Amino acid sequence: MKLAILSRAPRAYSTQRLRTAAADRGHQVKVLDTLRFAIDLSGPEPDLQFRGKPISDYDAILPRIGNSITYFGTAVVRQFEQMDVYTPNTANGISNARDKLRASQILARHQIGMPATAFVRNRADVRPAIERVGGAPVVIKLLEGTQGIGVILAPGVKVAEAIIETLHSTKQNVLIQSFVVESKGRDVRALVVGDRVVAAMRRIAHGDEFRSNVHRGGSVEPVTLDKEFEELAVRSAQIMGLRVAGVDMLEGADGPLVMEVNSSPGLEGIETATNLDVAGAIIDHIADQVAFPEIDVRQRLTVSTGYGVAELLVHTGADLVGRTIGDSGLEERDITVLTLHRGTSVIPNPRRSTELEAEDRLLCFGRLEEMRSMIPARRSRRRKVRKLPPGPLVEG
């Protein structure tokens, strides 16, 4: 295959390893500076210019988009997607992972275990937020921070309030998270490629430092993950829309807790710790997908007029509860169940004999009108628009 690695750091360890792994496997590979692209929307087909010239055809790209160029970098990746060039990490997936608040919202929606988290902006809401996440000590995180920068451990409520007030005064947005005491100074990084964890390491902070990032002087050691950790890592990456990701987890008293999903994980630490060819696993996955690519089902199927993809919730007390998919009447309404989400479990292509339970979420393809009719009607809140009052507006 012909592969482009999008990177502004051609001499970085990760970029060099990926380039070497691709070349060793007989693939054509180039490292292209992400900022040298120009998105061309002037013609009948989506196109890209690189260094002022039309870009040649590529089978796949591997984005290594840095934090400082997220907006432009994801725009370039999105353009490659429009040109039907395969990428293991979509523009949407990179954007999801890069925004810590958005990532937490998405993961929480899918019942992924995480440290208790709150996000507030008003000074009066800070103390209640700290109480909601379990009280001090708390971890305060800048939304734009990377590599452990902008992560602060506040030992007391007053200290936490002072730190947050100071950060807010400089227009910084912060997350307030519970401090997982049993995991102090250590975490686990799982490197997810496709639908499996290809390598994992434990990162251990140095001295009294509570941040275990290698960039903060932490050490690493290989670790063999149990099934619960592996499944959580893979599911978290896939929920975010990433096929190559570093998933950082804390070893909580009640099981793993996802701390962050990284769309451009560094390879040096994990390859050094495990002595595994992680770069090669990434290249092999991309080559397999180029031969048999996954597609964005929602985007491709919704081009059929009147048809689309929607998620249906089986409400408690609904007629569907207790029925099998085959007896549910969905097929007669031209609706096909693609995936069944039950709690934290995902059942792809469920059998017709699968019995539906309350709170099941069904990812379906079919007639949009039929699926829309199955959503319980909400009470109308539309009110008549009144005329303006005759008197002057009262400031308050």
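**Note on contacts and backbone features**

1. Ala358 sits in the loop between β18 and β19. Elements here are DSSP runs numbered from the N terminus: helices are H or I with at least four residues, strands are E with at least two. Ala358 counts as partly exposed because its relative accessibility is 32%. On this scale, buried means under 20% relative accessible area, exposed over 50%, and partly exposed in between, with a 1.4 Å probe and protein chains only. Ala358 is 44 residues from Val314 in sequence, yet their C-alpha atoms are 5.4 Å apart in space.

2. A word on the basis. This is a predicted model, in which local features need pLDDT of at least 70 and side-chain atom pairs count only at pLDDT 80 or more, while totals for chains, interfaces and linings use all residues. Residues are numbered from 1 along each chain as its sequence is written, and side-chain values use heavy atoms, with hydrogens and water left out.

3. The loop between β18 and β19 also holds Asn349. Its phi is near 50°, a positive value in a residue other than glycine. Asn349 counts as exposed, at 62% relative accessibility.

4. Lys171 also has a positive phi, near 65°, and is likewise a residue other than glycine. Lys171 is placed in the loop between α6 (157–169) and β10 (174–178). At 68% relative accessibility, Lys171 is exposed.

5. Pro137 belongs to the loop between α5 (126–132) and β8 (138–142).

6. Now the charged pairs. Side chains of opposite charge can pair when their charged atoms come close. The rule for a salt bridge is a side-chain nitrogen of Lys or Arg within 4 Å of a carboxyl oxygen of Asp or Glu. How many salt bridges does this rule give? The count is 21.

7. Glu311 pairs with Arg361 in a salt bridge, the closest N and O atoms lying 3.2 Å apart. Glu311 is in strand β16 (residues 307–313) and Arg361 in strand β19 (residues 361–367), so the bridge ties together parts 50 residues apart in sequence. Arg361 is buried, with 7% relative accessible area, whereas Glu311 is partly exposed at 35%.

8. Arg342 forms a salt bridge with Glu357, and here the closest N and O atoms are 3.5 Å apart. Arg342 lies in strand β17 (residues 335–342) and Glu357 in the loop between β18 (345–348) and β19, so this pair ties together parts 15 residues apart in sequence. Arg342 is partly exposed, with a relative accessible area of 23%. Glu357 is partly exposed too, at 40% relative accessibility. Elsewhere, salt bridges that share partners join Arg17, Arg25, Glu271, Asp277 and Asp284 into one network.

9. Helices α1 and α9 pack with their axes 8 Å apart, at an angle of about 55°. That makes α1 oblique to α9. Axes are lines fitted to C-alpha atoms, for helices over the stretch in contact, and angles run from 0 to 180 degrees between N-to-C directions. Under 35 degrees is roughly parallel, over 145 roughly antiparallel, 65 to 115 roughly perpendicular, and the rest oblique. The α1 and α9 crossing is right-handed (near helix turned clockwise from the far one by less than a right angle; anticlockwise is left-handed).

10. Three aromatic pairs are present in the structure. Rings of Phe, Tyr and Trp (its six-membered ring) pair if their centres lie within 6.5 Å; planes under 30 degrees apart are stacked, over 60 edge-to-face, and the rest tilted. Phe37 and Phe80 make an edge-to-face pair, 5.6 Å centre to centre with 85° between the planes. Phe37 is in strand β3 (residues 37–40) and Phe80 in helix α2 (residues 70–82), 43 residues apart. Phe37 and Phe80 are buried. With Phe50, they form one aromatic cluster.

11. Lys2 lies over the face of Tyr58, at 4.8 Å from the ring centre. The test is NZ of Lys or CZ of Arg within 6 Å of the ring centre and within 35 degrees of the ring normal.
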